[in-house]
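Subject: Structure handover

Hello,

Here is the structure I promised to pass on. Please open it alongside this note.

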Amino acid sequence: NPMMARFHLRYVKSDIDRHGNARYYFRRRDASRKIRLPGLPGSKEFMAAYQDCLSGKDERGQPASAKPSEHTTMRWLCIQYAGSAEFKRLDATVQKRRRMVLEAICSELTKDSPPQLVGNQPYASIPPRAIRALRDRKLDAPGAANNWLRAMKALFKWAVEADLLTSNPARDVPKVTTVTEGFHSWTVEEVHKFEECHPIGSTARLAFALLLYTGQRRSDVVLFGRQHVKDGRLKFTQHKNRNRKPVTLELPILSDLQAVIDATPSPNLTFLTNAYGKPFSSGGFGNRFREWCDMAGLPHCSAHGLRKAGACIAAENGATPSQLMAIFGWRDIGQAEHYTRAANQRKLADGSMHLLRQKSDKA
């Protein structure tokens with residue numbers, strides 16, 4: 001039927017009666033009966049009845065005696081998504097975090113009377129306003145709110161691509177805007193303070209130098225080793241997004257970094273090893289670096305803050321957005337321009353603040 005082909009409504013079937021008129025029915029795969037839908041697909045009365053059927057109501061608008069199929073719920077959709085090839089291409093840590101977020105969402109209670117679990121709701125009838133409401137439950141923690149929204153957008157985007165939905169109800173729901181600057185960017189004084197506490201030859205100093213003089217994330221730094229070095233350069237594929245949008249970089253090893261590498265013994269192929277002579281995991285390294293910062297009296301500093309500091313230093317030394325992208329592996333020029341704008345503002349202000357002085361009337 002051309003009308004049905006245009007609307008792509010799930011669970012809707014049609015037939016032709018003996019008078020040549022099209023009739024439309026709603027029937028789930030495991031349902032014992034079908035429900036007649038009034039009017040034509042797209043009409044107000046048809047869509048209202050269709051939404052009632054998706055919500056588990058019969059043709060009279062009353063709750064259906066049979067329970068909705070489990071194959072129509074949010075929880076079922078999340079399970080299918082978690083088993084998809086798209087989900088499996090995500091980094092293992094991202095998979096774990098997203099599963100936790102989706103499980104938390106499914107465990108939320110609706111504001112219905114009586115309240116129901118979100119996971120038991122039909123996924124095909126969840127409107128954008130419900131997505132916004134779920135996002136807003138985390139407004140006291142904007143980062144968590146945006147994580148919830150990001151997970152729902154990914155879930156419904158996959159559902160559309162898998163032909164389980166015709167549109168993504170989360171697509172146009174905006175993120176929560178935040179005013180935080182994120183991780184603290186190390187100052188020159190803080191760099192010197194860490195170096196004074198952890199001399200060359202220590203694992204802490206080597207970790208610090210790898211972070212500062214490569215500008216890479218801790219998930220990359222823990223993997224760096226002699227196997228990545230050739231002709232004085234580090235060649236590697238960034239760990240983040242390596243399964244979906246891999247970024248391969250070649251970075252020259254600065255002399256300051258090489259001096260620290262040469263002075264630090266390492267029993268393993270990787271540069272950084274823990275107390276047992278084994279490579280660090282990303283999480284384990286983060287915890288250890290936190291301890292090293294605390295030992296230096298820098299509880300507000302972090303490994304990722306060194307990446308920000310490196311970007312600031314490079315921008316202030318005249319690096320262009322394209323150069324910053326080449327160093328840090330960013331795909332979005334907007335990230336690089338954030339640092340160059342701040343550096344240019346300072347330089348322009350330094351050279352123009354004298355213009356605020358009033359000119360002398362004397363010749």
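Below are the notes on salt bridges and on one helix pair.

This is a predicted model, where local features need pLDDT of at least 70, side-chain atom pairs count only at pLDDT 80 or more, and totals for chains, interfaces and linings use all residues. Residues are numbered from 1 along each chain as its sequence is written, and side-chain values use heavy atoms, with hydrogens and water left out.

**Salt bridges**

The term means a side-chain nitrogen of Lys or Arg within 4 Å of a carboxyl oxygen of Asp or Glu. Three of them follow.

Glu-86 pairs with Arg-89, and their closest N and O atoms are 2.6 Å apart. Glu-86 has a relative accessible area of 25%, so it is partly exposed. Arg-89 is also partly exposed, at 38%. For these labels, buried is under 20% relative accessible area, exposed is over 50%, and partly exposed lies in between (1.4 Å probe, protein chains only).

Arg-171 and Asp-172 form another salt bridge, at 3.3 Å from N to O. Arg-171 is exposed, with a relative accessible area of 57%. Asp-172 is exposed too, at 62%.

Glu-250 bridges to Arg-233, with 3.6 Å between the closest N and O atoms. Glu-250 sits in strand 6 (residues 248–252) and Arg-233 in strand 5 (residues 233–237), so this pair ties together parts 17 residues apart in sequence. Strands (E, at least two residues) and helices (H or I, at least four) are DSSP runs, numbered from the N terminus. Both partners are partly exposed: Glu-250 at 44%, Arg-233 at 35%. Through shared partners, salt bridges link Arg-233, Lys-235 and Glu-250 into one network.

**Helix pair**

Helix 9 (residues 203–214) packs on helix 12 (residues 282–295) at about 110°, and the axes are 11 Å apart. Axes are lines fitted to C-alpha atoms, for helices over the stretch in contact, and angles run from 0 to 180 degrees between N-to-C directions. The two helices are therefore roughly perpendicular (65 to 115 degrees; under 35 is roughly parallel, over 145 roughly antiparallel, the rest oblique).

Helix 9 contributes Thr-203, Ala-204, Ala-207, Phe-208 and Leu-211 to the contact, and helix 12 contributes Phe-285, Phe-289 and Trp-292. Contact means heavy atoms within 4.5 Å. By class, seven of these residues are nonpolar, one is polar and none is charged. Nonpolar covers Ala, Val, Leu, Ile, Met, Phe, Trp, Tyr, Cys and Pro; charged covers Asp, Glu, Lys and Arg; the others, Gly among them, are polar.

Best wishes
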